[in-house]
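Here's a quick briefing on a single model. Have a look at the structure first, then we'll go through a few spots.

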Amino acid sequence: MMAQPSPADPSYDCIRYLPTNEAYDRWASVYDSDGNFLQALDDLELRTLFPRFLNSIRSPKPWRLVDLGCGTGRNTSLLLGIRDSDIVALDASKGMLEVAKNRLSNTNSDAQVPGQRPDVRFEVFDMLASSSPPASLMSHSVDAVISTLVVEHIPLPTFFAHVSQILRQGGVLLLTNMHSEMGEISQAGFVDTATGEKIRPTSYAHTVEEVVVEARKCGLVVELHDERSGITQRAVDESMVEELGLRSAKWVGVKCWFGGVFRKR
């Protein structure tokens with residue numbers, strides 16, 4: 001099925017491809033308000049996947065948790081609800097990190113009782129530019145990693161090498177991404193209304209099978225759920241359009257999202 005343009009899609013004069021960090025620097029100010037239905041779908045699916053992820057963490061508290069590719073802090077805010085934890089939020093885009101800091105500063109300052117809410121450390125970290133762990137993390141020191149709608153922009157060997165390097169044995173990864181069925185038709189991007197350009201970062205249409213195979217090479221295995229496949233794949237259906245927004249209507253019948261939990265052996 002080929003998705004057709006929707007009246008809800010903003011018009012643009014041309015497409016401009018930029019390095020991923022530069023594209024997201026420009027996208028940061030409107031990222032949470034430009035009608036990105038895939039982000040809304042991710043939020044919807046995380047209502048069940050995030051609790052499953054938390055229940056998969058076996059190490060004793062305090063936990064060290066990493067939001068890898070934290071963006072505007074949308075899911076870092078979920079981690080703030082976990083007591084007795086140390087959170088590190090990483091992203092290659094300085095612009096996205098600034099939005100995340102502003103977004104979470106009020107939330108973080110609400111904690112009146114010591115230990116009620118964890119502190120968050122923000123750090124610029126570009127997986128494409130470094131083979132070493134972030135400066136704030138030692139190798140194999142992290143209990144759990146969350147990384148949502150990120151791996152679309154990273155070659156799979158690079159992504160999973162970094163995750164394996166920071167996770168301790170038995171640690172878990174929550175991973176979500178654009179489905180390759182959608183990625184073969186479109187990719188992440190936004191319309192810069194100031195220039196009339198459609199800005200697009202580097203993107204890869206990774207299949208679920210490719211993700212599972214590459215993860216296994218780095219010692220990360222899918223956690224099964226209720227004796228079924230641990231990877232959920234989600235197509236948009238008509239009943240979801242009202243909640244996801246008008247821009248999702250053209251994607252009805254197309255698999256747009258997948259996600260699951262992996263454990264490091």
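Leaving aside its neighbours within four places in sequence, which residues is K198 in contact with (heavy atoms within 4.5 Å)? They are Y12, C14, I15, R16, G189, F190 and V191. Keep in mind that this is a predicted model, where local features need pLDDT of at least 70, side-chain atom pairs count only at pLDDT 80 or more, and totals for chains, interfaces and linings use all residues. Residues are numbered from 1 along each chain as its sequence is written, and side-chain values use heavy atoms, with hydrogens and water left out.

**K198**
- K198 sits in strand β8, residues 197-200 (strands are DSSP runs of E, at least two residues, and helices are runs of H or I, at least four, numbered from the N terminus).
- With a relative accessible area of 13%, K198 is buried (under 20%, 1.4 Å probe, protein chains only).
- I87 is 111 residues from K198 in sequence and 34 Å away in space, C-alpha to C-alpha.

- L38 touches, beyond its neighbours within four places in sequence, L149, M178, M182, C256 and W257.

Definitions and conventions. Buried means under 20% relative accessible area, exposed over 50%, partly exposed in between (1.4 Å probe, protein chains only). Contact means heavy atoms within 4.5 Å.
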